[in-house]
Amino acid sequence: MTLHTLNRAPSDTALLTDCLRACSSGDTLLLIEDGVYCALAEQPIAWPAGVNVCALTADVAARGLDSRLASSISQVDDADFVQLCCEHARVISWY
Amino acid sequence: MIFSLLVYAAPHSHQGAESAYRFAVACLAQGHSIHRVFFYGDGIHGASALAAPPQDEPNLPARWQALAQAHELDLVVCIAAAVRRGLLDANEARRYEKPGHNLHQGFELSGLGQLAEAAIVSDRMITFGA
Amino acid sequence: MTHLQLNDHSIELDNEGYLRDLSQWSPQVAEALAAEIPLQLSDAHWEILYLLRDFYQRFEHAPAMRPLVKAVSLNLGPEKGRSIYLLKLFPDSPAKLAARLAGLPKPTNCL
Amino acid sequence: MSTSKRFLVISRRPPYGSSHARDALDTALTTAVFEQPVSMLFLDDGVYQLLQAQQPAGIQQKNLGATLSALPMYDIDQLYVCDSALRSRGLSLDDCLLPVQLLDGNAIAQLIRNHDVVLSF
């Protein structure tokens, strides 16, 4: 299983497409930095089945997005980020 | 677990430089070890001794150095990426006959091989990109 | 700064003995650089130097040891494509020394 | 260092406009010199790196294509390209300066699972 991090807003559609295409069922996708804009309820993204999508709390809060996230997306803190790295065999950064 | 980090984002241009530092702190707080932090591409600017951000903004090179001192971290800056961008230690300044050097204390210049070595010996390699 | 004296003119070298201006390279320059080591260039040396120049021309970088060995093996045969053979010709650090004599740029210290 | 890991270097930026493509390539070459098995995967605009007839002298840059063509000298011959990235740009394998294998989305996910370390640029 792979942990993917994505740090760009959804307007970078090519990056988002490549990232989603590279996800397998059981993988986790962690949205960080500007990647947290992919988590907004107003612009729902069709996440691949079986992929756990979460967003980094500090980046969500920094951008004032706390109340705007899609309900399917959980928030994780820095310690959880480290934990997710341990739980997955490899980490890929999409940036 | 043993982690290594690849910092490819330049401080102040990209949040990635700061994210890498925060990750390192969280990593060490959980008792994991960090084998190496490797600075590459524009990320090398995170090792400048001449960075002078405003007083009410964090000085990333200084914080890396403090973290490295407290946890005996290996902070390695890609020598080829650094030298072309004007980040030199005393040795390279001599080698290229330049008038000064500006690598922050606590960092060292070395080859890209150190990135490969870090990935080989660490359990996880995490990239912070730009 | 040092200079390499060649017949009637002198050629600038940096403090590690690399040519400052790579376009000044000639076989005579290579001979003179080698003489300072001292090293007498034989046909066996020359085929490596020309292979290096060809490698640089084609791939636009000076090879590390491993690809150099492979290039030698492919072009000059497997019995020469061995580190030990290159070490005998260019002692200590064949990829570095041969590149300097062949007038290639100073390696970026990447390894 | 007796251990060996399977490395995948993902390169998804076009050449020359930024240092990403060059850095990805240097990383792959260096890792191979460390005697690790290295694969490269070209995605998105990264496929433009593979175009023949690159002539960057006029923009004072080195020819990335020339250095890419040295990959076999470093025993890096597992080279992959995203099928749709190539086709959507009107390119085919004939346009590529190296022999590469085409992969669809499923195969890319599979390729990633087959590698221990993935470095992306």
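What does chain D average in pLDDT, and what share of the residues score at least 70? I looked this up before anything else, as the model is predicted. Chain D averages a pLDDT of 96, and 98% of the residues score at least 70. For the model I also noted an ipTM of 0.94 and a pTM of 0.95. I keep one caution in mind: where pLDDT is low, the predicted coordinates should not be read in detail.

**Entry: nonpolar core**

I looked up the largest nonpolar core and found 165 residues in it. The members that touch the most other members are A:Leu31, A:Trp47, B:Phe3, B:Phe23, B:Trp64 and B:Val77. Helix H1 of chain B, residues 16-29, gives the largest share of this core, with eight residues. I then listed the contacts of A:Trp47, leaving aside neighbours within four places in sequence. They are A:Leu16, A:Leu20, A:Leu29, A:Leu31, A:Cys38, A:Val53 and A:Ile73.

**Entry: helix H2 of chain B**

I checked the length of H2(B), which has 12 residues, 60-71. At 1.5 Å a residue the helix should span 16 Å, and its end C-alpha atoms are 16 Å apart, so the two agree. Which residues of H2(B) are buried? I find B:Leu60, B:Pro61, B:Trp64, B:Gln65, B:Leu67 and B:Ala68. Seen down the helix axis, the buried residues of H2(B) fall within an arc of 165°, so they line one face. I set this beside a general point: an α-helix has 3.6 residues a turn, so residues three or four places apart point the same way. On the face of H2(B) turned away from the buried side I find the exposed residues B:Gln69 and B:Ala70. The cover over the buried residues includes H1 and the strands E1 (2-7), E2 (33-39), E3 (75-78) and E4 (107-110) of chain B.

I looked at both ends of the helix. The N-terminal end of H2(B) is capped by B:Asn59, with a side-chain oxygen 3.1 Å from the backbone nitrogen of B:Ala62. Just after H2(B), B:Glu72 has a positive phi of about 50°.

**Entry: B:Leu109**

I turned to B:Leu109 in strand E4 of chain B. Its relative accessible area is 10%, which puts B:Leu109 among buried residues. Leaving out residues up to four places away in sequence, B:Leu109 touches B:Val77, B:Ile79, B:Ala82, B:Leu87, B:Leu88, B:Asp89, B:Glu92 and B:Leu103. I also took the C-alpha separation of B:Leu109 and B:Phe39: 9.4 Å, for residues 70 apart along the chain.

Is D:Ser39 buried or exposed? At 6% relative accessibility D:Ser39 counts as buried, because the limit is under 20%. D:Ser39 is in strand E2 of chain D, residues 38-42. The side chain of D:Ser39 makes a polar contact of 2.8 Å with the side chain of D:His115. Beyond four places in sequence, D:Ser39 touches D:Phe7, D:Leu8, D:Val9, D:Gln78, D:Tyr80 and D:His115.

In H4(D), residues 105-113, I find D:Gly105, D:Ile108, D:Ala109, D:Leu111 and D:Ile112 buried. Their arc about the axis of H4(D) is 155°, so these residues line one face of the helix. D:Asp104 caps the N-terminal end of H4(D), a side-chain oxygen lying 3.3 Å from the backbone nitrogen of D:Asn106.

**Entry: helix H1 of chain C**

I listed the buried residues of H1(C), residues 27-35: C:Val29, C:Ala30, C:Ala32, C:Leu33 and C:Ala34. Among the elements that cover them are strands E1 (2-6) and E2 (9-13) and helices H2 (43-59) and H5 (94-101) of chain C.

**Entry: backbone exceptions**

Most residues other than glycine have a negative phi, and most peptide bonds are trans. I went through some exceptions. The peptide bond from C:Ile37 to C:Pro38 is cis, with omega near 0°. C:Pro38 lies in the loop between H1 and H2 of chain C.

Phi of C:Asn7 is positive, near 50°. C:Asn7 sits in the loop between E1 and E2 of chain C, and is exposed with a relative accessible area of 74%. D:Ala53 has a positive phi of about 65°. I place D:Ala53 in the loop between E2 and helix H2 (64-68) of chain D. D:Ala53 counts as exposed at 72% relative accessibility.

Notes. Residues numbered from 1 in each chain as written. Chains lettered and ligands numbered in written order. Predicted model: local features only at pLDDT ≥ 70, side-chain atom pairs only at ≥ 80, totals over all residues. Heavy atoms only, no water. Core = buried A, V, L, I, M, F, W, Y, C linked by side-chain atoms within 4.5 Å. Buried < 20%, exposed > 50% of the residue type's maximum accessible area, 1.4 Å probe, protein only. Helix = DSSP H or I, 4+ residues; strand = E, 2+ residues; numbered from the N terminus. Contact = heavy atoms within 4.5 Å. pLDDT = per-residue confidence, 0-100. Expected span 1.5 Å × (residues − 1). Arc of directions from axis to C-beta. Polar contact = N/O pair within 3.5 Å; in protein donor to acceptor, adjacent residues only side chain to side chain.
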